[in-house]
Amino acid sequence: MPKFLSATVSNAFGFIVPTMLGTLLFFTIIGVFGIWMAVGGLVFAVTLASAIVGRLPAEEEMR
Amino acid sequence: MSLNPATLARVQFAFTVSFHIIFPTMSIGLAMFLAVVEGLWLKTKDAIYLQIYRFWLSIFAMGFGVGVVTGLVLSFEFGLGFARFAQLAGPAIGPLIALEVLTSFFLEAGFLGIMLFGMHRVGPKLHYLATCMVALGTLLSASWILAANSWMQTPDGVVVKDGRLVVTNWWHVINNPSWLFRLPHMLTAAYLTASFLVAGVGAWYLLRGEHLAFAKKSVALGTAFATILIAGQVFIGDILYGTMLKHQPSKMQAAEGFWEKQSPSPAPYYWIIVPDQKRQRNRFAFGIPYLGSIWLTHSLRGSVDGLKNTPPDRQPTMGMVFYGFRIMYGIAILMFAVATASLWLRWKRCLFTNRWFLRCLVVMTPSGIVATLGGWYLAETGRQPWVIFGLLKTIDAVSPVPAQTLLATLIAFVCIYAFFMAAFLFFVLRTIRRGPGLSPSHAEASGSLKNALRPQVLDSANANAVLGS
């Protein structure tokens, strides 16, 4: 596979994964799968966000 | 052309309240943000938090001032444009407005001076207390105003006796059926507004390669708050939707853009419609198939109630309600997407380097304000033709004032508010362009935190010594 194509596929995949996860979480939180799933989705989203925000500094030099 | 006093009164109130709501939304959000940032500064002693605090404090102060002035106008407009509403609803609304003044205004007024000018004059704990009290004041203010507005949406605790409202249960007036859901929805909207403001300004500096430490911390803080808040906001919004569907079905019927008593099955989710209120149909509609059933009925083939379930003389104007809702909801979806992307980029450790994401954050800077305006248009136009839902129609609430008077005051408001907005934007954009300041003031440069915050009050005993030195 040409190098530029490989990079494009890699970027597209990198974009698709969070989109799919985010969409699923959004549908869950607005109650599509029921109120208790919505509560669970909210708790999961807040816990996940708190964990990632609290533990990963996201530091890297500006390109 | 004859001028209609009822239309002019509505246009005037819509204009002044739309202008006003921008500033409390910012100041409620920024006050809480400042309290968090000052707390982080006191805990970590990291000077970058102080720099962020000072930068946003000046913008908060300007927004707070404009918000108070434009808020006072609204009380007078009840008399000018809607005297019959004030006469009827005064026994319920009046005490709530008075309680706002007694609790939140007094609290804010008492501590705002210390917050703005007391950094070098009081100890750090007292200054932090002042910031927290101002944040609490803004929260209380929102609570009382939301209680009053929610009572107009879902009135409770009153009876009509001899053409006047008599309060039978104060707790029900305050804790009316929609207040407990609308209050957290509005507060979260304000906090989200502040989060995207902070993150957007930080992203702008990162793209320009300026004030990098300040910018990174701003983006990190703004996206962190936004990520947690938007998840809660979407959840609260969905619960509020169900509540309003129960208490104000006409509003939610108009918000979804369907006319027939039952929508097609499966129902699409409309994003663009051209409604024809007179013929009770859409001239044009564009939507995503199945999504209406999935989102609104939580099933693949569910139907949604249309506006024909409400008699024409009790229907709100569909276009305004629909687009108010779509603006708010569309922006909420974008916020959720940005929040998810920020988590992903943080996980990949490239939150500050992905230029596409930083550009998105810059574009999203005013998104909270636009979404809040959309939400209030949904709330207020969706309540029509009632000013107090089910009790008093807007047309019956208008003052017996000549149209010329209302037109003259409307023109005056437009001119004065245009000046306010120009001055505010000039000040804010200049503050952002100048940046957070490269050198800290002498007090913070003095070494220890204790010295930095030592009171600098001159009394008669040491004034001469200081002046003589």
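Start at Gln280(B), which sits in the loop that runs between S3 and strand S4 (281-288) of chain B. This residue has a positive phi of about 55 degrees, although it is not a glycine. Keep in mind that this is a predicted model.

**Backbone details in chain B**

- Two cis peptide bonds are worth a look, and one of them joins Ser265(B) and Pro266(B), with omega at about 0 degrees.
- You'll find Pro266(B) in the loop between H8 and strand S3 (269-276) of chain B.
- Gln384(B) and Pro385(B) are also joined by a cis peptide bond, and here omega is about 5 degrees.
- Pro385(B) has its place in the loop between helix H12 (367-383) and strand S5 (386-388) of chain B.

- Strand S1 (residues 158-161) and strand S2 (residues 164-167) of chain B pair up in the antiparallel sense, and four bridges hold the pairing.
- Across the pair, Lys161(B) stands opposite Arg164(B) in S2(B).
- The hairpin has two residues between its strands, and Asp162(B) takes a positive phi near 55 degrees there.

**Domains of chain B**

- Where they touch, 13 residues of domain 1 of chain B are in contact with 17 residues of domain 2 of chain B.
- On the domain 1 side of that contact, the elements giving two or more residues are helix H8 (249-256) and helix H10 (318-347) of chain B.
- H10(B) gives the most to that side, with four residues.
- By class, the domain 1 side comes out as four nonpolar, six polar and three charged residues.

**Helices H1 and H4 of chain B**

- Helix H1 (residues 5-44) and helix H4 (residues 124-153) of chain B pack at an angle of about 155 degrees, and their axes are 9 Å apart.
- Angles over 145 degrees count as roughly antiparallel, so that is how H1(B) and H4(B) run relative to each other.
- The crossing of H1(B) and H4(B) is left-handed.
- On the H1(B) side, the residues that meet H4(B) include Ser27(B), Ile28(B), Ala31(B), Met32(B) and Glu38(B).
- H4(B) brings residues including Pro124(B), Tyr128(B), Cys132(B), Val134(B) and Leu139(B) to the contact with H1(B).
- The residues in the contact of H1(B) with H4(B) divide into 13 nonpolar, four polar and one charged.

**Where chain A touches chain B**

- This contact takes 21 residues from chain A and 28 residues from chain B.
- On the chain A side, helix H1 (3-29) and helix H2 (35-55) of chain A each supply at least two residues.
- H2(A) gives the most to the side of chain A that touches chain B, with eight residues.
- That side of chain A has 16 nonpolar, three polar and two charged residues.

Definitions and conventions: Residues are numbered from 1 along each chain as its sequence is written. Chains are lettered from A and ligands numbered from 1 in the order in which they are written. This is a predicted model: local features need pLDDT of at least 70, side-chain atom pairs count only at pLDDT 80 or more; totals for chains, interfaces and linings use all residues. Two residues are in contact if their C-beta atoms, placed from the backbone, lie within 7 Å. Ala, Val, Leu, Ile, Met, Phe, Trp, Tyr, Cys and Pro count as nonpolar, Asp, Glu, Lys and Arg as charged, and the others, Gly among them, as polar. Two strands pair if DSSP finds at least two bridges between them. Axes are lines fitted to C-alpha atoms, for helices over the stretch in contact, and angles run from 0 to 180 degrees between N-to-C directions. Angles under 35 degrees count as roughly parallel, over 145 as roughly antiparallel, 65 to 115 as roughly perpendicular and the rest as oblique. A crossing is left-handed if the near helix is turned anticlockwise from the far one by less than a right angle, and right-handed if clockwise.
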